[in-house]
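Colleague: Could you walk me through how to read this model, feature by feature? I would like to begin with one residue and its neighbours.

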Amino acid sequence: MTHRTVGHPAGLPDDPRANVTAPTPECPVEITLAALQGRWTTLVIRELLRGDRSYSELRAALPVLSDKVLSDRLARLTRTGVVERHRRPGRPPRVRYTLTPNGHRLGPVLQALWDWGTQTPLPDNETPPSRTARAVP
């Protein structure tokens with residue numbers, strides 16, 4: 001049995017969906033990028049990779065993130081099937097957020113993005129926002 005990428009340059013899938021001339025919503029790469037879309041999304045996922053969290057625990061872990069943006073990211077990640085919202089009865093009701101099995105599969109994707117970023121030098125005239133932003137204790 002031959003490997004499915006035999007005859008293809010490294011990194012190119014042996015899949016007919018890869019033979020397009022423009023991005024399409026059905027493209028697996030576009031689907032992945034859409035799931036990670038939005039500033040702070042990767043950090044919310046990172047926190048949930050560490051375990052399920054309440055809204056307040058996520059706020060404490062990401063103190064610079066506004067309530068509006070956190071709510072938006074959690075709602076979008078829930079709609080896309082990356083995160084599940086679990087409401088527990090009681091007064092007040094308790095809500096926990098957890099990654100779905102599909103959401104957990106983003107862990108290696110984030111690791112690959114991190115690895116690529118650490119090995120890629122910045123252009124001489126650019127500084128990433130994280131290097132210019134004020135450090136938060």
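Modeller: Gladly! Ile31 touches Pro25 and Glu26, leaving aside residues up to four places away in sequence. Keep in mind as we go that this is a predicted model.

Colleague: Let me step back to the whole chain. How many helices and strands are there, and in what order do the elements run?

Modeller: The protein has seven helices and three strands. Reading from the N terminus, the order is α-α-β-α-α-β-β-α-α-α. Buried residues make up 23% of the 137 residues. Among contacts with a separation of 6 or more, 47% join residues 24 or more positions apart.

Colleague: What does the confidence look like, and which elements have the lowest and the highest mean pLDDT?

Modeller: Here is the general idea: where pLDDT is low, the predicted coordinates should not be read in detail. In this protein the mean pLDDT is 85, and 82% of the residues reach 70 or more. Helix α7 (residues 129-132) has the lowest mean among the elements, 53, while α2 has the highest, 97. Over residues 131-137 the pLDDT is below 50, and that stretch has four contacts in the model beyond near neighbours in sequence.

Colleague: Which residues make the contact of α2 with α4?

Modeller: From α2 they are Thr41, Val44 and Ile45, and from α4 they are Leu70, Arg73, Leu74 and Leu77. By type, the residues of this contact divide into five nonpolar, one polar and one charged.

Colleague: And the largest nonpolar core: which of its residues touch the most other members?

Modeller: Those are Val44, Ile45, Leu48, Val82, Val83 and Tyr97, out of 18 residues in the core. The elements giving two or more residues to this core are α2, α4, β3 (94-99) and α6 (106-118).

Colleague: What does Leu48 touch?

Modeller: Not counting residues up to four places away in sequence, Leu48 touches Arg53, Leu58, Val83, Tyr97, Thr98 and Leu99.

Colleague: Val83 turns up there too. Is Val83 buried or exposed, and what does it touch?

Modeller: Val83 is found in strand β2. Its relative accessibility is 2%, so Val83 counts as buried. With residues up to four places away in sequence left out, Val83 touches Leu48, Leu77, Thr78, Tyr97, Thr98, Leu99 and Thr100. Val83 and Ile45 are 8.5 Å apart in space, C-alpha to C-alpha, and 38 residues apart in sequence.

Colleague: Finally, which backbone details deserve a look?

Modeller: As a rule, most residues other than glycine have a negative phi, and most peptide bonds are trans. In this model, phi of Trp40 is near 85 degrees, a positive value in a residue other than glycine. Trp40 lies in the loop between α1 and α2, and at 24% relative accessibility it counts as partly exposed.

Colleague: And where is the cis peptide bond?

Modeller: The bond from Arg91 to Pro92 is cis, with omega near -10 degrees. Pro92 is found in the loop between β2 (83-88) and β3.

Note on methods:
Residues are numbered from 1 along each chain as its sequence is written. This is a predicted model: local features need pLDDT of at least 70, side-chain atom pairs count only at pLDDT 80 or more; totals for chains, interfaces and linings use all residues. Side-chain values use heavy atoms; hydrogens and water are left out. Contact means heavy atoms within 4.5 Å. Helices (H or I, at least four residues) and strands (E, at least two) are DSSP runs, numbered from the N terminus. Ala, Val, Leu, Ile, Met, Phe, Trp, Tyr, Cys and Pro count as nonpolar, Asp, Glu, Lys and Arg as charged, and the others, Gly among them, as polar. A nonpolar core is a set of buried Ala, Val, Leu, Ile, Met, Phe, Trp, Tyr and Cys residues joined through side-chain atoms within 4.5 Å. Buried means under 20% relative accessible area, exposed over 50%, partly exposed in between (1.4 Å probe, protein chains only). pLDDT is the predictor's confidence in each residue, from 0 to 100.
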